[in-house]
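Reader: I am new to this structure and would like a close look at one part of it, taken slowly. Could you begin with a single residue and carry on from there in one connected account?

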Amino acid sequence: VIKCKAAVAWEAGKPLSIEEVEVAPPKAHEVRIKIVATAVCHTDAYTLSGADPEGCFPVILGHEGAGIVESVGEGVTKVKPGDTVIPLYIPQCGECKFCKNPKTNLCQKIRITQGKGVMPDGTSRFTCKGKQIYHFMGTSTFSEYTVVADISVAKIDAAAPLDKVCLLGCGVSTGYGAAVNTAKVERGSTCAVFGLGGVGLAAIMGCKIAGASRIIGIDLNKDKYARAKEFGATECISPQDFQKPIQEVLAEMTDGGVDYSFECIGNVGVMRAALEACHKGWGVSVIVGVAAAGEVISTRPFQLVTGRTWKGTAFGGWKSVDSVPKLVNEYMSKKIKVDEFVTDTLPFAKINEAFELMHTGK
């Protein structure tokens, strides 16, 4: 058993608490990882807020991490102690019907136990002050050591800087993949990206890499426009600057609508606007943001009858074990940006400050 520090969420709506936790050794087909770096994501904040119906407390949150394998359980063959890895919240077992289908990346092998906050055998590897602590998204990267299933880990280039590539565990991969995998953006096309946070910037990057000729960023926070343009946005607009709905504004700007749109916020009203901003006959809108429990999307069916397509994406459609090492290589060869997504680097003890920075849009 390893004793180490972790940021524990004891209950919903309260700040994280840095505690000494005990991390049990990995059982069969499990891997214990020393986490070197982790990022914070709105998904962690959503669960912490208490709005997530799958949220269990007390829990160690975090799902954008990178580290070094410390030890492995019986039967683990893909990684060994000392390997550099990224934990994966969407695993890839290679055996389920989802893994065998090229149309999806949604491996379901451990979905039920992962959703309940436990390892595949139904138990937790974390304890603190004599209490069992739940796992989160199969990763729990807000701990100096964590235990994950062996199908939830990708071995990456040992030379990669872990304080950067941890972002490939969720946000950057998600937005980039939404553009290149889910939408399959084409050269010369016109795109609109709603929400210029990390995921939105990654979607812009994907549109640019795919050769889009016009990329319109949409956000209420104009402080984000300069950075969006660095990533490839050709122009940025705020819905607050217009008297009419943003979808009508975009249709006028683009002679009938955009070829591809991306909702990177998790707001059902914006999801509708993103669909309706698409061009009749061929426009494709991708939902990337995760809306709160119980929310529903709506539009007039005529929007779809007249040739628009509504799609969704999880982790950008990447089959995780296969793709994350390749994404790291794309970063190392400077095909994709990652460093530019990092605004602040804080010590682990200041994790609550990191959440504050995220909530203020900084």
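Author: Cys-264 is buried, with a relative accessible area of 13%, where buried means under 20% relative accessible area, exposed over 50% and partly exposed in between, with a 1.4 Å probe and protein chains only. The model is a predicted one, in which local features need pLDDT of at least 70 and side-chain atom pairs count only at pLDDT 80 or more, while totals for chains, interfaces and linings use all residues. Residues are numbered from 1 along each chain as its sequence is written, and side-chain values use heavy atoms, with hydrogens and water left out.

With a disulfide taken as a pair of cysteine sulfur atoms within 2.5 Å, the count comes to zero. Cys-99 is in no disulfide, as the sulfur of Cys-107, the nearest cysteine sulfur, is 3.7 Å away; Cys-99 is also buried, at a relative accessible area of 12%. Cys-264 likewise takes part in no disulfide, and its nearest cysteine sulfur, on Cys-207, is 8.8 Å away.

Turning to the strands (DSSP runs of E, at least two residues, numbered from the N terminus), five of them form an open antiparallel sheet in the order β9-β3-β5-β6-β10, and two strands are said to pair if DSSP finds at least two bridges between them. At the edges stand β9 (145-149) and β10 (153-155), each with a single partner strand, so one side of each has no neighbour in the sheet. Within the sheet, β3 (residues 30-39) pairs with β5 (residues 64-72) over eight bridges in the antiparallel sense, and Lys-34 stands opposite Ile-68 in β5.

Terms used:
Helix = DSSP H or I, 4+ residues; strand = E, 2+ residues; numbered from the N terminus.
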